[in-house]
Amino acid sequence: MKKINLDYTAAAPVEKAIIEKMLPLLTEHYGNPSSGHSLGEMPRKALQEARENVGRLIGADAGNIIFTASASEANNLAVKGFAKANMKKGKHIITSPVEHFSILNQLKTLKKEGFSITELPVDEYGLVHPRDLADAITGETILVTIQAANQEIGTIQPLAELVAVAKESNVVFHTDAAAAVGWIPVDVQKLGIDMLSLAGDQFYGPKGTGALFVKRGVRLTPLVEGGTQEKGLRAGTENVALIAGLGEAARIAAVQLEERAKEAAFFRDKLKESLFSAIPYLHLNGHPEKRVPRNLNISVSFVEGEALLMRLDMAGISVSSGSSCTSQALKSSHVLSAIGVPPELAQGSLQLTAGPGSSVEDIPYITEQLAEVTNILRSMSPLYHQFMKEAKQNA
Amino acid sequence: MPEYSDKVMEHFTKPRNIGELDNPDGTGEVGNPVCGDMMKFTIKVKDDRIEDIKYLTFGCGAAIAVSSMVSEMAKGKTLDEAMKITNKQVAEELEGLPGNKMHCSNLGADALHKAIEDYRAKVKAEN
């Protein structure tokens, strides 16, 4: 059976060129970049090259890139690290309710430690409005952390406007750009961003790679203390091979960004058109235009997401869902709830992400399968039966 | 996706007794879309036995498999026997459920028991 991956946010294959950059750093150039002797030279060079490539992708100086093992870690270093280092200036942090859990959960912890946290409202698309940010900033505010784009629904925030508001009050701005980098142009200098988190695996780099851009002058307390690696902000011998993989992925992403975005959006739009014309009672989640090019998020009315996911998986199609049943915590997506999607629609949500294997030739098969699976599940859905009964009565 | 037993997958892919009976003798509804699962059981009773049983389910793979299994277990049983079906038995018949899906088996037995109670309340009201 043919496998069709529509869950490239979860994982994507790492291309050969990237692996070829990584392998020698585990074998012939296995040295430690901190060594004074010649074995450390190649690994040191590899780190520098990766730093330059990652910096170039986001318009940052290589010297301001701190490597981490994930965007989650970068988010923790940025928010907790900044809060700890700057708490004398104030203890108020502003965020949005649609952030990734690696932001929201640490803010819960900081709240217990005496910080006050403001979650700005979002509209039906998940957009934060700059005026709300302006209203929320107080003399106590030290940090604003708002994502560049949403990890589930793909909505792109008006970063330039939001940063401008924060700058008026001299508040430091951090953005979790894991869902954006590699897919839309993000330039920290042009935007005036102070800190930015990214994840290598979101632009086809290896899993276990991330980075934090920290503007010169922004003070952080390290989460891992020890040696002087990564400017003392992340102790421990660098994972040179993975970092080199991240760097190469960043280099390729910078070159191919426009082409990748165009191809992904083409597939995504065709898929959306096909699904919406073939299947009744679908809803689009997220902004119709201001969204990451590879992201499609829909809700299938009257049915539950895990059942959809399982049946599609049996047809060789991989998707993800924001339903409670697909989460270990048995809670439906906090993002869909924040943008006001009713519970029964959140349960039937599917995230479909385009990637390197996506082909418009597969769209008829995907459509046919989703239509069939939807029919089967609706035929046994009490919500659908209820809806049809009411429709008949009203007719 | 959780690790489901072969039995769960079989009932999920080929659920038995789907539907809603016309003029049922008893109806039992449990759950809501917020928690992610809803079940509606309808039964026909003859000579104190469950002559026919159908259900509609909105929910995950486990919820669908549980509904299907409950309908098979209850069919043909006397009402007293059917009232004794426990969620534990349902889970066992399905060769186990993942830990975080055990609540689905509760829903299935609950919906069945509610349908029987509904029937009994109606009979009582008639007499």
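Biologist: Are α3(A) and α4(A) roughly parallel or antiparallel to each other?
Modeller: In this predicted model, local features need pLDDT of at least 70 and side-chain atom pairs 80 or more, whereas totals for chains, interfaces and linings use all residues. Residues are numbered from 1 along each chain, chains are lettered from A and ligands numbered from 1 as written, and side-chain values use heavy atoms without hydrogens or water. The two helices (DSSP runs of H or I, at least four residues) pack at about 30°, with axes (lines fitted to C-alpha atoms over the stretch in contact) 9 Å apart. Angles under 35 degrees count as roughly parallel, and therefore α3(A) and α4(A) are roughly parallel.

Biologist: Which element gives the most to the lining of the largest pocket?
Modeller: The lining (residues with an atom within 4 Å of a point) comprises 47 residues, with His100(A), Phe101(A), Gln151(A), Glu152(A) and His334(A) closest to the centre. Elements supplying at least two residues include α3 (71-86), α4 (101-112) and α10 (334-338) of chain A. With seven residues, the largest contributor is α4(A).

Biologist: Which residues lie nearest the centre of the second largest pocket?
Modeller: The second largest pocket has a volume of about 340 Å³. Of its 17 lining residues, those nearest the centre are Tyr204(A), Arg260(A), Glu263(A), Gly355(A) and Pro356(A).

Note on methods. On a 1 Å grid over the protein atoms alone, a cavity is a set of points where a 1.4 Å probe fits but cannot get out, and a pocket is an open set with protein on both sides within 12 Å along at least five of seven lines; lining residues have an atom within 4 Å of a point. Grid points are joined across faces, edges and corners, and a volume is the space filled by probe spheres set on the points. Axes are lines fitted to C-alpha atoms, for helices over the stretch in contact, and angles run from 0 to 180 degrees between N-to-C directions. Angles under 35 degrees count as roughly parallel, over 145 as roughly antiparallel, 65 to 115 as roughly perpendicular and the rest as oblique.
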